[in-house]
Each structure stands twice: as structure tokens, then as C-alpha cells.
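The sequence and structure come first.

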Amino acid sequence: MSNGKLPVRDVFSSKFGVIAAAAGSAVGLGNIWKFPYITGVYGGAAFLFVYLGFIALIGLPIMLSELTIGRKSKRNVFGAFKFLAPGSAWKLVGVLGVSAAAMILAFYGVVAGWSIDYVAKAVSGGFGTKSPAEMESMFFRFIESPVSPILYQLFFMVMTMGIVFVGVKDGIEKYAKFLMPLLVLIIIVLDIRAVTLKGAMEGLRFLFNPDFSKLTGDGILSALGHAFFSLSLGMGTLVTYGSYVDDKNNLPLTALQVTLADTAIAILAGIAIFPAVFAFGIEPSSGPGLVFITLPNVFQQMPGGYFFSILFFLLLTVAALTSSISILEVVVAYFQEELNLKRHVSTIVAGVLIAIVGVFCSLSMGVLKEFTLFNLNLFDLLDWISANLLLPLGGLFIALFVGWFLGRKRVEEELAKGAGVIPWLLSVFIFLVKFIAPGAIAIVFLHGLGVFNFG
Ligand code: TRP
């Protein structure tokens with residue numbers, strides 16, 4: 001394969017392997033935990049439609065941009081900018097990415113830990129015949145307790161480090177290939193049960209029938225932030241993965257497939273959750289516990305629910321794992337290549353530091369609840385800053401880099417390796433990354449932060 005004069009690098013072994021790994025990174029807690037919860041907080045369908053608009057106009061072109069930068073440079077995110085724009089400040093985009101990665105993984109590990117605990121609860125029959133209210137108090141009692149969620153979080157971080165330790169590619173490519181489709185299958189089964197519950201219609205209306213008067217600046221900014229979060233964009237994850245893609249791969253097609261898969265899974269998760277939320281009288285805006293409170297009620301009400309509940313939370317944990325390794329990898333690659341640490345030292349240093357911050361995130365749900373900044377506890381603060389500020393900012397620079405710095409000619413050269421370039425599509429892509437994506441991000445930022453108001 002085409003490694004040229006560069007040191008030998010891993011290359012994904014098949015087209016499907018590339019898609020599975022990138023989709024494995026994209027599909028995770030973002031789709032199944034965060035998407036339904038923030039859609040509920042920001043009022044439902046209107047938020048969904050804005051989110052979909054951002055995915056198409058900003059997410060897809062930036063995903064293609066990251067893959068292009070990665071494959072063109074065949075380097076990690078720092079190396080990539082250093083190589084393509086030597087002696088410039090562009091590599092600072094990498095610093096932004098590493099900071100975002102560390103913040104995201106800190107709280108991501110906490111939520112993944114909740115998922116592991118729910119595997120244990122499912123196995124021991126812990127959902128039993130609990131009412132929605134009891135399900136809720138069980139959830140809060142658990143996440144607020146000072147010990148067990150931390151043990152699960154640390155357990156998850158050790159697994160993440162273990163996989164990154166032995167090298168990302170082998171692990172992800174092998175497992176993501178069949179576990180992700182299995183997860184989709186289970187969600188579809190849940191969908192069928194959810195939409196046949198009594199009162200399901202109201203949930204579908206909430207999810208698909210928009211009331212744009214409910215949108216706030218903060219909601220629009222969160223839709224943008226979540227488009228980045230869900231597609232794993234804005235911090236170099238897909239630059240890194242792009243560097244493992246061989247030249248025959250059709251990058252635009254890959255970007256399109258990953259984007260469609262990620263978006264479809266989020267919507268399928270929404271269809272499993274909102275009908276049930278309304279059927280069981282749960283508050284749609286109840287926050288980060290939404291999935292954990294709602295779905296156990298659905299499992300109770302379906303044949304084979306015991307079995308499905310175990311499998312669901314297991315696969316959710318696996319989905320979180322294929323994402324968390326892609327996050328940790330960004331930090332590890334930085335430590336390894338910029339600070340000249342050995343791979344296993346980098347993994348331990350990065351993993352342990354992030355896990356420690358994660359412990360405080362977990363405690364901020366309970367005993368450290370009172371410590372807030374801008375009215376947010378540490379968990380919410382890291383989530384908000386990384387998703388709503390750092391990722392879109394990283395994406396802004398990535399779009400500008402591809403649109404203005406690389407430019408049409410060099411982009412065409414790279415894309416033409418794996419596919420016939422269709423001139424008008426290339427023009428659309430360049431137009432989007434040159435003007436639309438940066439402009440939209442800038443406007444949403446200023447508006448969301450209250451710098452100005454559309455009125
Ligand atoms: N996209 C993943 C999810 O939806 C999380 C994730 C993995 C991520 N890699 C990322 C988010 C890079 C932002 C940037 O769960």
C-alpha cells in the first residue's frame with residue numbers, strides 16, 4: 001500500500017474496515033445517551049432539524065476535510081499541520097484538539113461507567129417491576145454515590161487504556177465490524193416496542209413535529225456542538241484515522257456513509273426513547289439520566305426484556321469503548337510524538353491524568369455538587385466547553401485550512417486518488433468549507449454566547 005517514503009504505518013485492511021472504525025468512533029454515547037437527552041432539554045423536533053442542517057452543511061464537509069488532511073499527510077493531527085503548513089501556527093489547532101480530547105474523555109468515562117453498572121443491574125434483575133419514579137431515584141442514588149460510579153469509571157478507563165496500549169487499529173477494526181451492526185439491531189427491536197406503547201404518538205410528535213419558537217441561542221449552539229461531538233469532529237480524531245486510509249479509498253463516499261450511519265443511529269435511539277418517555281410520564285427535559293431512566297421501563301414491558309436489557313447495556317459499553325479509544329488516541333499520539341514519550345508511557349500518563357479528572361466529574365454529581373461555575377458542575381462544564389466551544393472552534397480552523405490554505409487544486413489531487421472527482425460536487429465542497437461552514441460557526445458562536453441576537 002502507498003506508504004511512500006514515510007515510516008511504515010498501519011493501513012486499514014478493507015473498505016468496510018475504514019467505515020467500521022470511523023463509524024465506531026462516531027457512534028457512541030453521543031448518539032444514544034447525549035442526543036436524546038439534549039433533544040429533550042432543548043424542546044424536541046426543532047432542535048433535531050437544526051441539528052440535521054448542521055450535520056449536512058457543516059459536519060459532512062468537515063469530516064471530509066479531516067479525512068483529506070489525514071490521508072494527505074499520513075500523520076497525526078500535529079504532524080499533519082506541521083507537514084502541510086511548515087513553520088506556521090496551524091499546529092495550534094492540534095493543541096486545541098488535545099485539550100478537547102482530554103476534557104471529553106474525562107466525563108465520557110463517567111457515563112460509560114454508568115452503562116457498565118447498568119449491565120450489572122440488568123444481570124441481577126435490578127429493573128424488576130420498578131415504576132418510572134423508582135427507576136429515577138435508583139439512577140440518582142447511584143450516580144450521586146461517592147464510590148461505585150467511580151469504580152466503574154476507572155474500570156472503563158483501564159479497558160480504554162488497555163486497547164490503546166496494544167495499538168488501536170487491530171482492536172477496533174476487528175470488533176467494531178460485527179458489534180456495531182448488532183447494536184443497531186437491538187435499537188430497532190426497542191423502536192418497535194416503543195412505538196407500539198400506549199401514548200407513543202405524543203413522543204413521535206415531540207421528536208418530529210417542530211415548533212421553532214422553542215429554539216434558543218443556547219439550543220442552536222448546542223445543536224452545532226453536538227453535530228461535532230456526534231461525528232467525532234473538530235479535534236483530529238478523523239485526521240488520525242484518515243492517515244490510516246489507503247489511497248484507493250473513496251473519501252467522499254466514506255464520509256457520507258459514516259455521517260448517514262451516525263445520524264440514523266441517533267434518530268433510531270430517539271425513536272426508542274421519546275415514545276417511551278411520554279408513555280411512562282417521564283419528563284423529556286430530565287437531563288443526563290433520560291436514557292437510563294426510560295429504557296429500563298421499556299425492557300420491563302417486552303418479551304425477552306431481561307435478555308435484551310443485558311445485551312443493550314453491554315453493547316452501549318462497547319460502543320462507548322470504540323469511541324473512547326479514538327479520543328484517548330489523540331492525546332497519546334501527541335504525548336508520543338511531541339513529548340517523545342514511549343507509547344505505553346504516553347498511554348499511562350494520559351489515561352491516568354484523564355481518569356483523575358473523571359473522578360472529580362463523577363463526584364460533581366453528588367458530594368461536590370455545590371462547586372459550580374456559570375451554574376454548571378464540573379461534569380456539565382467540561383461537556384459544555386469541549387462540545388460547544390472547542391470542537392466548533394477546531395472545526396472552524398479545519399474548514400479554513402482546507403478551503404483557503406490547501407485550496408481546490410490540492411484537495412482535488414488528494415480526492416482524485418480514490419475516486420473520479422465530480423467537478424460540481426468538488427465546487428460545492430470547497431464553497432462549503434471556504435464560506436458556509438466558517439460563517440455559520442462564527443454566527444452561531446456569537447449568537448449562542450449572547451454577543452448579539454437575531455431577535
Ligand atoms: N462521537 C463519539 C460519540 O458520539 C464521541 C467521540 C469520539 C468524539 N471521538 C470524538 C467526540 C472526537 C468529539 C471528538 O459518542
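A salt bridge here is a side-chain nitrogen of Lys or Arg within 4 Å of a carboxyl oxygen of Asp or Glu. The model is predicted, and a search of the whole structure finds ten such salt bridges. One of them joins Glu413 to Lys72, with 3.7 Å between the closest N and O atoms. Because Glu413 is in helix α16 (residues 378–416) and Lys72 in helix α3 (residues 45–73), this pair ties together parts that lie 341 residues apart in sequence. Lys72 is buried, its relative accessible area being 18%, where the limit for buried is under 20%.

Asp247 and Lys74 form another salt bridge, and their closest N and O atoms are 3.3 Å apart. This pair also links distant parts of the chain: Asp247 sits in the loop between α11 (237–242) and α12 (251–279), Lys74 in the loop between α3 and α4 (77–84), and 173 residues separate them. Asp247 and Lys74 are both buried.

Lys121 forms a salt bridge with Asp117, and the closest N and O atoms are 2.4 Å apart. Lys121 and Asp117 are four residues apart in helix α5, so about one helical turn separates them. Both residues are buried.

Through shared partners, salt bridges join Arg71, Lys72, Lys74, Asp247, Glu413, Glu414 and Lys417 into one network.

Helix α6 (residues 132–144) has 13 residues and reaches 18 Å from its first C-alpha to its last, close to the 18 Å expected at 1.5 Å a residue. Its buried residues are Met135, Met138, Phe139, Phe142 and Ile143. They lie on the same side of α6 because they cover an arc of only 120° around the axis. An α-helix has 3.6 residues a turn, so residues three or four places apart point the same way.

Ala133 and Arg141, on the other side of α6, are exposed. The packing partners of the buried residues of α6 are α5 (92–123), α7 (148–166), α13 (290–300) and α15 (343–363).

The elements that give two or more residues to the patch are α7 and α15, and α15 gives the most, with four residues.

Ile348 is partly exposed, at a relative accessible area of 42%.

Key: Residues are numbered from 1 along each chain as its sequence is written. This is a predicted model: local features need pLDDT of at least 70, side-chain atom pairs count only at pLDDT 80 or more; totals for chains, interfaces and linings use all residues. Side-chain values use heavy atoms; hydrogens and water are left out. The expected span of a helix is 1.5 Å times one less than its number of residues. Buried means under 20% relative accessible area, exposed over 50%, partly exposed in between (1.4 Å probe, protein chains only). The arc is that of the directions from the helix axis to the C-beta atoms. Contact means heavy atoms within 4.5 Å.
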